[in-house]
Amino acid sequence: MTPSTNTLERTNYLNATKGFMSWFWTIDHKRLGLMYMWSVVAAFILGGFFALKIRMTLMPGAVDFASQTAEQMNAYNNAFTVHGAVMIFLVIIPSIPAALGNFVVPMMLGAKDVAFPRLNRFSYHLWIIGALLFTGTFFIGNLDTGWTFYPPYSTGSTDNTVILATLGAFVLGFSSIFTGLNFIVTIHKMRPANMTWFRMPLFLWAIYATAVIQILATPVIGISLLLLLVEKTMSIGIFNPELGGDPVFFQHLFWFYSHPAVYIMILPGMGVMSELFATFSRKPIFGYKSIAMSSLAIALFSFIVWGHHMFLSGQSQLMSVIFSALTFSVAVPSAIKVFNWIATMYKGSVAFTTPMIYGMSIIWLFGIGGLTGLFLATLGTDVQFHDTYFVVAHFHYVMVGSALFGFIGGIYYWWPKMYGRMADNFWTKLAWFMSFIGFNLTFLPQFVGGSRGMPRRYAGYGTEAGYDSFNYWSTIGAMILAVGLTMALGTLIYSMFRGRKAPSNPWGGVTLEWQTPTPPPEHNFEIDAFPVGDPYDMNLCEYNGEEEGFLPVNPRADDPCVADVAIDPVYFEPESENAPA
Amino acid sequence: MNLSALLRAAAWLQQDGDYFFPVEASTNAGEVDRIYYFIFWVSAVSFALIVGATIYFAIKYRRTKVGMNPEDSPHHSTSIEIVWSVIPTLFMIVMFKWGFDDYVDRRTPPGDAYQVNVHAQKWSWAYSYDEGAETGMGWLGGEGEGLVVPVGVPIKLRIDSADVLHSFSVPAFRIKMDAVPGRYTYAWFEATKIGEYPVFCTEYCGTRHSRMLSKVQVLSQEDFDAWMKKQGNLADLPPVEAGQKLFQRKCASCHNMDGSKLIGPALNGLYGKEESLVGGAKVTVDDNYLRESILEPSAKIVEGYPDAMTPFAGQLSEDEISWLITYIKSVK
Ligand code: HEM
Ligand SMILES: [Cu+2]
Ligand SMILES: [Cu+2]
């Protein structure tokens, strides 16, 4: 039986227009969101291939330490560089903001599109160009600088492939800046009149805070990469001491962007978490204001802690001490969010759906990722852990364990809205289970290896060094993780064609995107007015057995929050070809 | 991989030290480990609490009927929110302060510390002493002496780099410091146990980063003094031998002397040979060519090799250059 609110058999944004150009040249934020999503998945498969290559090289016994050749080492160095650069610039940074953000943000605002739909399309095309530049490096040389591009190695020693890669990162930076800009304007200008800042869903707060970082920090990496190119191509001394430059200067510029960037990666995931915990506990989120404010606090603090990547770089002692103290200040708002999510479950009605299982497991994963950050923020212990596998494990727990799991959880959550079909069954949960086990098996041993001194970015260790068992379990774990993630992808693709047809509101979410049919029409909403009140007032909808989903309950007429509101008060490009009438 | 290899791989469990750390072999190591275990237990308890609460709430308040609504409960509490912000902050203040004290101590060598100079270059370590002694990398169980120091004496390391960034790391001492070209950086330690400890390069530096290994040999004061006496000045040796010692230290990470290719070509039998260069030119190897190849390697690149050699201009004395050339000429 098809739920009454399912439009798969009717016109919706997926089938309204057809053909390659109707997607590639679209300005529909939903289509752009989906294209970002699949592009990010493709980039993830590429990065994942190199991850497996890394793990296979490090499997004890796979490569003989004594007879490993320079070519093999170069290939390894290339593998970890491409893996890191692809995963950071092409996968994690655009994952939630560009893919899920594009799909969801305008609908959460009750709007027809983002503020600048054509700029949005341009961002996506920049992403494609950046991705092509990165893949171009495979054909011209051996990119082996690490994703950090530290000079003087990058400007002096290595081959010219690095020019292409930095250009790629530069272009991707603009993609990210434009997306951020678009979201900031959209959120400022296109909220329905009744949606005050403190009635915004927390996902919007998270995306907003992320966008602030994107537009303030990303230009700095752009400039730094240009300076790198100037030094590399024209031998003008900026960072290379042989030419009169200062290599530590680059590290400051690089981390001035890249530390805030780690929050570009995690804040949107935290936003997804807030939505999941509210909807699946069927309860208003606990401590709405402190979650919203902590997103902003994180965004601001993230700008003043970069020096914690440089405790041993030769920067002054005083700087290290200040940066250590400031770093702890970011940990507090992160912890507050976790407590709020858990408190949301208290006396709730917790549903074990696939997205919520991802959400709950992130408490475990982000718990480990965040708590291990404390060891790194503490000066005495960071000396031992810096540039070892301890750091590798730490940032994988936050970037993969939390940001990527948040992305996948978010995909499962909004999937019915995207494709009009459900993906929530035994197999989706089994895929989660495999990924979770595989992930922990891969990265937990690396903490111990790291505290025992195991350096990162090594093409091999030799049995005498005593790190074989960590590498052994990590490689086994990585294989299980690969199976789990592949299965997750499989469940989604299966559901696209065979999944049960979804009602417009399968989970009981009360944010505005659940108030339109599934999949939505081209311009998002069939009605042009809806009530906006408390974004987490779960009484606004209730379960309907025939629909197999939730249907809105008529709002109380006396509620002052509720009023009829035009969909989008400001709309920027009325003349464009696909613009809503 | 078979079982015995796996058991061998698990050998770290029986190595000195505890589960998380290698042996504590410096005066500083114990303190670092104490800070670690403090943060570890605070984290472990916090982790158990948050994960425990998540699991407990998930089970206790699980949805038993589709679409079930929960009873009303508060969704905000200022006092609880203040409590759970302040308590972590207090713990973090302790962590910061303790880590800070240890770090300042690490960065401030005692006035009477004995200085050894550490030289990093792609991809080897060399150590020089004010007494004139110089030693090369050396790896546990391998050739070379590594950094030789007396036990129970504060040692101050002055670290430099000839090419790119490197980092000098001795896990058993819990010390690590980047080597930055164009400036000196410092680290210090006082070894407490006689023995040999691994040294790693922990800042990525190119192809053989993973082979930029070395060791620290901690000797008793008498053994150290005796060792130091035996270290002649290179200038006292015949030029060929001086050249060979220097070659071991500075060049052997990239050049073999047995005809086999490493990063650069083997250098035996090179003198007098006709060498093809990138770009098609040919040169006959003579003293001037060797000199230029060492000081400005980018000037002429050997066919089939990358432009990857460290330029030694400004780093070798005239004597040292001529010893090297004499040595290269001597190996057929
Ligand atoms: C919860 C608070 C956090 C604290 C206190 C913290 C602390 C640190 C510190 C001090 C380092 C430097 C370690 C070193 O290189 O020696 C570090 C590295 C790193 N962290 Fe975090 N972190 C936190 C959260 C995050 C988050 C949320 C992310 C990303 C989503 C993240 C990603 C990274 C990355 C990528 C690196 C290593 C970069 C590299 O060297 O390649 N961290 N963290
Ligand atoms: Cu950071
Ligand atoms: Cu190195």
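A salt bridge is a side-chain nitrogen of Lys or Arg within 4 Å of a carboxyl oxygen of Asp or Glu; a search of the whole structure by this rule gives 14 of them over all chains. This is a predicted model, in which local features need pLDDT of at least 70 and side-chain atom pairs count only at pLDDT 80 or more, while totals for chains, interfaces and linings use all residues. Residues are numbered from 1 along each chain as its sequence is written, chains are lettered from A and ligands numbered from 1 in the order in which they are written, and side-chain values use heavy atoms, with hydrogens and water left out.

**View 1. The interface of chain A and chain B.** Chain A contributes 97 residues to the contact and chain B 89, contact meaning heavy atoms within 4.5 Å. The size of an interface is often given as the accessible area lost when the parts come together. Here the buried area (accessible area, 1.4 Å probe, lost on putting the two parts together, summed over both) is about 8200 Å², with 66% of it on carbon and sulfur atoms. There are 30 residue pairs in polar contact across the interface, both residues at pLDDT 80 or more. A polar contact is a pair of N or O atoms within 3.5 Å; within protein, one must be able to donate a hydrogen and the other to accept it, and residues adjacent in sequence count only if both atoms are side-chain atoms.

**View 2. The salt bridge between the chains, and the chain B side.** One salt bridge is counted between chain B and chain A. Arg183(B) and Asp246(A) form it through their side chains, at 3.0 Å from N to O. On chain B, the elements that each supply at least two residues to the side touching chain A are helices H1 (3-9), H2 (29-60) and H3 (78-107) and strands E7 (175-179) and E9 (195-201). Helices (H or I, at least four residues) and strands (E, at least two) are DSSP runs, numbered from the N terminus. That side of chain B has 50 nonpolar, 20 polar and 19 charged residues. Ala, Val, Leu, Ile, Met, Phe, Trp, Tyr, Cys and Pro count as nonpolar, Asp, Glu, Lys and Arg as charged, and the others, Gly among them, as polar.

**View 3. The shell around ligand 1.** Ligand 1 is surrounded by 20 residues, each with a heavy atom within 4 Å of it. The closest are Asp382(A), His386(A), His394(A), Phe395(A) and Arg456(A). An N or O atom in the side chain of His386(A) is 2.7 Å from an oxygen atom of the ligand, and a polar side-chain atom of Arg456(A) is 2.9 Å from a ligand oxygen. For His394(A), the 2.9 Å distance runs from a side-chain N or O atom to a nitrogen atom of ligand 1. Helices H8 (247-281), H11 (354-377) and H13 (389-419) of chain A each supply at least two shell residues, and H13(A) gives the most, with five. By class, the shell has 11 nonpolar, seven polar and two charged residues.

View 4. Glu548(A) and Arg500(A) form a salt bridge with their closest N and O atoms 3.2 Å apart.

View 5. Pro152(A) lies in the loop between helices H4 (117-140) and H5 (153-157) of chain A.
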